[in-house]
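Please read it with the model open beside you.

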Amino acid sequence: MRELYEQLKRLFPLGEYTEQRRDLAFVTVPKDHLRPLLIHLRDRERFSHLVLLTAVDWLEEGHFQLTYLMNDRAGKRDLGLRVLIPRDGAAMEGIHDLWPTAATYQRELREMFGIDFPGSPRVNEEFILEGWTGMPPYRRDFDTKKFSEENFNHRPGRATTDPATHMKEKLYPDEA
Amino acid sequence: MKDELKKRLVKGPDGVEFEVDPLRDYYCDARPQVEPPAVSKIVEDFFNWARAESLWILGFATGCGAIEMRPLMTPRFDAYRFGVQWRPTPRQSNLFIISGYLSTKTLKRVIRSYEQMQSPKYVMGLGSCTINGGMYWDSYNTIKRLDDYLPVDVYVAGCMPRPESLLAGFEELKRIIREGKGEGANKYAAEFDRYKANQKQVIHDWDMPDYNW
């Protein structure tokens with residue numbers, strides 16, 4: 001994987017490189033160079049399969065990380081491309097013309113993270129949620145517990161204890 | 001609202017155009033009625049005995065608990081020897097097992113299926129998710145109390161309950177029915193407004209009639 005990275009680095013301005021396993025590595029790519037890199041990987045390096053497209057919300061840093069995981073079936077290796085986009089007005093160029101399956105991922109990201117992919121087929125239609133009007137639920141500043149308490153009736157009588165102290169009191173009452 | 005639910009003009013085979021309002025024309029939206037028991041107690045007891053001995057389950061799985069149905073159906077636990085069997089349609093079944101967590105999206109389908117079942121009908125809540133939310137207690141799309149939305153006759157606790165607990169649950173339900181306390185459908189009819197208000201509180205895109213029988 002390291003050779004592939006060195007090779008790609010001569011062609012594209014790549015960022016940080018992380019090797020997870022011998023057959024799995026991640027590379028940070030500037031937003032504008034993603035598309036040429038994907039086409040290069042698909043047509044020249046036999047990474048013909050888009051395994052998944054997902055997002056991570058880096059709330060503190062103020063950006064979303066999109067991960068495009070590519071698979072080289074013949075070479076039995078995976079390469080993940082990380083793209084950082086700003087969190088405010090998050091939008092990204094779609095890749096549904098390279099892999100039609102990406103349109104589904106893009107619809108999901110539009111609904112769950114609020115990342116827009118202009119021009120992607122049916123991207124603004126409901127995907128999983130029905131009648132959702134609030135903040136996209138996978139954003140980290142969405143308080144799922146608060147939402148649940150406000151919207152769903154709660155059955156009283158449910159108590160929680162901190163497992164560490166609770167078990168200590170149960171098992172070693174002298175030390176507690 | 002979905003396109004297929006909007007009012008539209010349809011041209012019949014005889015060339016006459018007429019207006020179709022799917023929400024009104026395709027469903028009976030009359031409110032459910034409380035059904036009084038049989039006049040004589042001995043007849044009602046006989047009915048209840050018969051009802052208890054043929055629990056027909058709607059094959060509708062909402063969550064992970066559905067996996068417990070397979071060993072129950074098949075020879076190892078063989079629920080059929082208790083008069084319990086699984087049916088493919090709500091019209092033929094009288095027991096609805098809510099098997100595990102229930103998302104608001106599934107709740108909508110569950111309500112529609114429940115309302116299409118013939119009375120008398122029973123609901124069994126399976127697993128802790130239906131009781132108090134279970135491990136989905138802070139989820140943004142999972143309801144926490146099933147009995148706010150449907151009349152539940154019996155709960156089976158556990159995460160997941162083993163098939164043995166389900167069999168015990170069937171026995172418990174049979175006892176409830178024989179005692180004449182399996183009145184879920186009548187309770188639903190009597191407290192229809194409360195149930196509908198609760199359902200509409202969590203289902204935001206309500207695009208069906210209030211009662212689709």
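1. Start with R46(A). This residue counts as partly exposed, because it has 15 C-beta neighbours inside 10 Å. In this predicted model, R46(A) sits in the loop between helix 2 (34-43) and strand 3 (49-58) of chain A. Its phi is positive, about 65°, although R46(A) is not a glycine.

2. The phi of D78(B) is positive, about 45°, and D78(B) is not a glycine. The residue lies in the loop between helix 3 and strand 4 of chain B. With 14 other C-beta atoms within 10 Å, D78(B) is partly exposed.

3. Along the sequence they follow the pattern α-β-β-α-β-β-β-α-α-α. Is chain A compact or spread out? Its radius of gyration is 21 Å, well over the 16 Å that the globule rule gives for 176 residues, so chain A is more spread out than a compact globule. The C-alpha trace spans about 65 × 45 × 30 Å along the principal axes.

4. Burial and contacts in chain A come next. Of the 176 residues in chain A, 19% are buried. Take the contacts in chain A with a separation of 6 or more: 45% of them join residues 24 or more positions apart.

5. Chain B has eight helices and seven strands. Its radius of gyration is 19 Å, close to the 17 Å from the globule rule for 213 residues, so chain B is as compact as a globular protein of that length. Its C-alpha atoms fill a box of roughly 60 × 50 × 35 Å along the principal axes. Buried residues account for 35% of the 213 residues in chain B. Among contacts in chain B with a separation of 6 or more, 78% are between residues 24 or more positions apart.

6. Look next at the nonpolar cores. The largest has 39 residues, and F96(B), I98(B) and M124(B) have the most contacts inside it. Several elements of chain B give two or more residues to this core, including strand 5 (95-99), helix 4 (104-116) and helix 5 (128-132). Leaving aside neighbours within four places in sequence, F96(B) is in contact with L58(B), F60(B), Y114(B), M117(B), K121(B) and V123(B). A second, separate core has 24 residues, among them L37(A), F64(A), I95(A) and Y105(A).

7. Which of its residues are buried? They are L166(B), G169(B), F170(B), L173(B), K174(B) and I177(B). These residues cover an arc of only 140° around the axis, which puts them on the same side of helix 6 of chain B. The general rule is that an α-helix has 3.6 residues a turn, so residues three or four places apart point the same way.

8. What do those buried residues pack against? Their partners in chain B are helix 2 (41-52), strand 3 (55-58), helix 3 (69-73), strand 4 (84-87), strand 6 (122-126) and strand 7 (154-156). After helix 6 of chain B comes G180(B), with a positive phi near 80°.

9. Check two cis peptide bonds in chain B. One joins S119(B) and P120(B), with omega about -5°. P120(B) belongs to the loop between helix 4 and strand 6 of chain B. Another cis bond joins C159(B) and M160(B), with omega about -15°. M160(B) is in the loop between strand 7 and helix 6 of chain B.

10. Finish at N186(B), in helix 7 (residues 184-190) of chain B. N186(B) counts as partly exposed, because it has 18 C-beta neighbours inside 10 Å. Beyond its neighbours within four places in sequence, N186(B) is in contact with V34(B) and E35(B).

Definitions and conventions: Residues numbered from 1 in each chain as written. Chains lettered and ligands numbered in written order. Predicted model: local features only at pLDDT ≥ 70, side-chain atom pairs only at ≥ 80, totals over all residues. Helix = DSSP H or I, 4+ residues; strand = E, 2+ residues; numbered from the N terminus. Rg over C-alpha atoms; globule rule 2.2 N^0.38 Å. Buried ≥ 20, exposed ≤ 12 C-beta atoms within 10 Å, placed from the backbone. Contact = placed C-beta atoms within 7 Å. Arc of directions from axis to C-beta. Core = buried A, V, L, I, M, F, W, Y, C linked by C-beta atoms within 7 Å.
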